[in-house]
Amino acid sequence: MARHVYGSGVAWDFSTDPEFDRKLAWMREFVREEIYPLETLQLDHATFLRIAAPLMETVREHGLWAAHLGPELGGQGYGQVKLGLMHEILGGCEFAPPIFGNQAPDSGNSEILAIAATPEQRQRWLEPLLAGEIYSAFSMTEQGTGADPTQFTTSAVLDGDEWVINGTKWFVSNVDRSHFHVLMAVTDPEAHRHERASMIIVPSDTPGIELRPISSMNDPDEMPSLHTQAEVTYTDVRVPRESLLGERGGAFALAQQRLGPGRIHHCMRWMGVCRRAFDALCERAVSKSLHGSRLADKQTVQNWVADSAAAVEAARLLTLQAAWKIDREGAEAARKEIAMIKYHGATVMHDVVDRALQIHGSFGYSTDLPLEHMYRWARAARIYDGPDEVHKVTVARSVLRGYEPRDVPSEHVPTRRAAALEKYGDLLDASALR
Ligand SMILES: Cc1cc2nc3c(=O)[nH]c(=O)nc-3n(C[C@H](O)[C@H](O)[C@H](O)COP(=O)(O)OP(=O)(O)OC[C@H]3O[C@@H](n4cnc5c(N)ncnc54)[C@H](O)[C@@H]3O)c2cc1C
């Protein structure tokens, strides 16, 4: 019989110690009272940093700065479950992650650097990145092939003691303010398709780099401070041989180490967005009457509330379970769970935000409420860090590996009946058989 194993048979325990619970309670209050208000101001990046500086200091005093990294790098060494619970709080507000020192792509890049950087690279890039003194970009996607990185063509060729880089990357976040790029480039075109590319650190001011800003659904005119994207063209860009990050040909393996836990953080942030949107949905439902009754008394709205509550809870638990598995067995062992939460969490966020927006009608569509902004981010979540379809392929392949082809279905009743007769026939009256 074919099998798909649900769970691992071990009790899951996502409870946290009282001291950490107190930290979470403090974070909830701090993010709501001190950081949410920043959303309503149209801050450019420099002004945001000025206002954020004392808030960042408070976060450091509470020992919560860059908590995704180990104590040797100034973090807390929290496992993924604890980090997930933190990200659920931070995710409710886009301004919170940078104030806690774990803004993408810097947080993921610092993880890569922590794993693979040489002592010199650590000193030059990782330390100031963690101190919040510099910013970074993750330059990987090429237009139209992001879902299949084996097709990337941006190349880095050794010329004496220098890598010479040529190619174009697409949709690189925050590159306009970054001090360096973590670039994925083909260094060994003849190698196995997963060993052709390497990671290379490229300082942003290296000659030959050109940026073209890209507008998107997340209108940069409206959110000037936090998220920008650009196309990046590298023309004969030269960096020293020592700029290689990790092993030559090791970009895929390194990217996986970065993206796995990063997806847990994304998903838990989305749960934070869901909670805000869900609160808005419920508040509106009990506040507004149309056609003779409160929206809360209409069955469609009740369905939205019930479906959203169950979906968010389920997505949250699925995400925490994936985090728990990473903590116990590592990111590679949790590949299927990570892929599952990526598309499931993004879809839940999309649906909950959509309902919250819908119940507010044109009010929800307007910028007088944050729902339209959440909606745009929810749409992007189904694409970045790998589109839904690719993660579904990963899950389906993993699940289907547990099944064997059969000429006759395992559940075929006549076949099973013959087997049952074989087993119990001696005990049965012929007259009892029809
Ligand atoms: C907000 C945002 C921020 C981003 N930031 C960064 C960044 O900082 N650095 C960076 O390098 N990239 C970044 N990206 C790019 C992101 O990683 C890519 O968009 C993503 O990997 C998908 O690649 P693509 O857009 O080239 O889609 P494509 O590869 O062109 O795929 C297009 C579509 O094809 C379909 N498809 C693909 N494969 C399959 C399959 N196996 N089965 C069925 N259908 C399939 C899917 O519907 C998919 O959406 C960002 C993207 C967004 C939206």
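**Strands, domains and one arginine**

Tutor: Start with a strand pairing: Phe138 has Val182, in strand E4, as its bridge partner. Keep in mind that this is a predicted model.

Student: How many bridges join E1 to E4, and do they run parallel or antiparallel?

Tutor: Four bridges join strand E1 to strand E4, residues 180-186, and the two run parallel.

Student: And the faces of E1, covered or open?

Tutor: Both faces of E1, residues 136-139, are covered. Ser136 and Phe138 are buried on one side, and Ala137 and Ser139 are buried on the other.

Student: Switching topic. How is the chain divided into domains?

Tutor: Domain 1 covers 18-130, domain 2 covers 136-249 and domain 3 covers 252-400. The centres of domain 2 and domain 3, taken over C-alpha atoms, are 29 Å apart. Nine residues from domain 2 and ten residues from domain 3 make up their contact.

Student: What kinds of residues are on the domain 2 side?

Tutor: On the side of domain 2 that touches domain 3, six are nonpolar, three are polar and none is charged.

Student: Now Arg122. Where is it?

Tutor: Arg122 sits in helix H6, residues 119-130. Leaving aside residues up to four places away in sequence, Arg122 touches Leu113, Ala117 and Glu127.

Student: Why does Arg122 count as partly exposed?

Tutor: Because 16 other C-beta atoms lie within 10 Å of Arg122, while buried takes 20 or more and exposed takes 12 or fewer.

Student: And how far is Arg122 from Gln299?

Tutor: Their C-alpha atoms are separated by 57 Å, with Arg122 and Gln299 177 residues apart along the chain.

Notes
Residues numbered from 1 in each chain as written. Predicted model: local features only at pLDDT ≥ 70, side-chain atom pairs only at ≥ 80, totals over all residues. Domains from an automatic or database assignment. Contact = placed C-beta atoms within 7 Å. Nonpolar A, V, L, I, M, F, W, Y, C, P; charged D, E, K, R; others polar. Pairing = 2+ DSSP bridges.
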